[in-house]
Amino acid sequence: MNRKVTVIGAGNVGASTALYLAERGLADVTLVDIVDGLPQGKALDMQQAAPLWGKGGTITGANDLAAVAGSDVVVMTAGFPRKPGMSRSDLLKANADIIRPAAEAVKQHAPQAYVVVVTNPLDVMAHLFWKVSGFPKHRVLGMAGILDSARFRAFIGMELNVSAADVQAMVLGGHGDSMVPLPRFTTVGGIAVSELIPKERLEAIIQRTRDGGAEIVKLLKTGSAYYAPAMSAVEMTEALLTDQKRLVPCSVLLEGQYGLKDLFIGVPVMLGAGGVERILELKLSAEELAALQKSGKDVADMIAELAVHV
């Protein structure tokens with residue numbers, strides 16, 4: 001297998017991402033973490049499972065960031081997780097200190113790689129990774145909209161007792177409390193969701209989507225979500241590796257689209273072998289656009305806050 005994906009961070013999100021990538025047979029996978037033995041042990045466990053899922057490829061572990069060398073895609077998951085009562089912005093400085101050396105290593109050892117950032121606060125960390133690496137804007141993107149949309153789809157499927165696979169949804173904005181689920185662009189088997197769910201119930205589902213990560217943090221008490229974030233990163237990685245031309249919401253650099261610039265935020269993009277091949281500008285209502293711009297301001301404020309700490 002010639003393709004290589006490196007996952008930085010061997011915690012729950014990183015290890016799950018590596019496992020899903022290997023199970024799909026998408027690439028050889030390298031798992032990197034600073035904790036001695038952790039990535040090596042998890043990688044060896046996965047390699048021993050490989051004969052049972054019938055796919056080729058290798059899974060290896062390393063402690064040195066230089067192991068990113070030769071990567072087609074790097075998935076950045078390393079960082080401190082949220083704890084109960086902690087907001088994503090609380091993680092700002094601590095995770096920035098993890099992003100910077102990782103971005104420098106990728107710049108040095110894998111200068112042609114595409115980068116999928118999962119570390120929170122996601123939009124700000126994607127922006128920081130882009131700035132530090134100096135990579136072109138189409139090669140750095142944040143995993144947010146796919147996860148938030150998947151949560152929205154799951155809750156709608158649960159509400160209607162239908163397969164969430166038949167639900168198509170679009171969630172834009174920052175990966176946080178001000179995200180913007182768009183019912184107008186959400187369908188179930190091609191039927192507008194507004195035809196199937198009363199407005200009040202739909203509003204409750206939208207709020208649950210915004211609180212999706214926090215709900216899991218509260219339930220787990222000692223951790224945060226990892227299966228759905230990992231699968232979302234894998235969906236993006238597969239689109240990049242196999243040139244799928246997926247139309248999905250991702251956190252990307254805006255340069256005036258939707259009235260926003262110089263920040264990463266979730267919008268619909270065409271995702272393929274060229275990375276972010278196109279940014280789509282939906283015709284949003286005044287209310288939808290205002291919500292997206294409010295979310296953009298929240299992200300911009302965190303970028304400015306991070307700049308103060310530098």
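Helices here are DSSP runs of H or I with at least four residues, strands are runs of E with at least two, and both are numbered from the N terminus.

This is a predicted model, in which local features need pLDDT of at least 70 and side-chain atom pairs count only at pLDDT 80 or more, while totals for chains, interfaces and linings use all residues. Residues are numbered from 1 along each chain as its sequence is written, and side-chain values use heavy atoms, with hydrogens and water left out.

Because 11 of its 12 residues are buried, helix 4 is largely enclosed by the rest of the structure. Buried means under 20% relative accessible area, whereas exposed means over 50% and partly exposed lies in between, using a 1.4 Å probe and protein chains only. Among the buried residues are Leu-122, Met-125, Phe-129 and Trp-130. After helix 4 comes Gly-134, with a positive phi near 75°.

Two other helices can be described as a pair. Helix 5 (residues 145-160) packs with helix 6 (residues 199-210) at an angle of about 140°, and their axes lie 9 Å apart. The axes are lines fitted to C-alpha atoms over the stretch in contact, and angles run from 0 to 180 degrees between N-to-C directions. Helix 5 and helix 6 are therefore oblique to each other, since angles under 35 degrees count as roughly parallel, over 145 as roughly antiparallel, 65 to 115 as roughly perpendicular and the rest as oblique.

Strands complete the tour. Strand 12 (residues 246-255) is mostly covered, with seven of its 10 residues buried, and 10 bridges join strand 12 to the antiparallel strand 13 (residues 261-272); two strands pair if DSSP finds at least two bridges between them. Leu-254 stands opposite Leu-263 of strand 13. Five residues separate strand 12 from strand 13 in this hairpin, and Gly-256 in the turn has a positive phi of about 115°.
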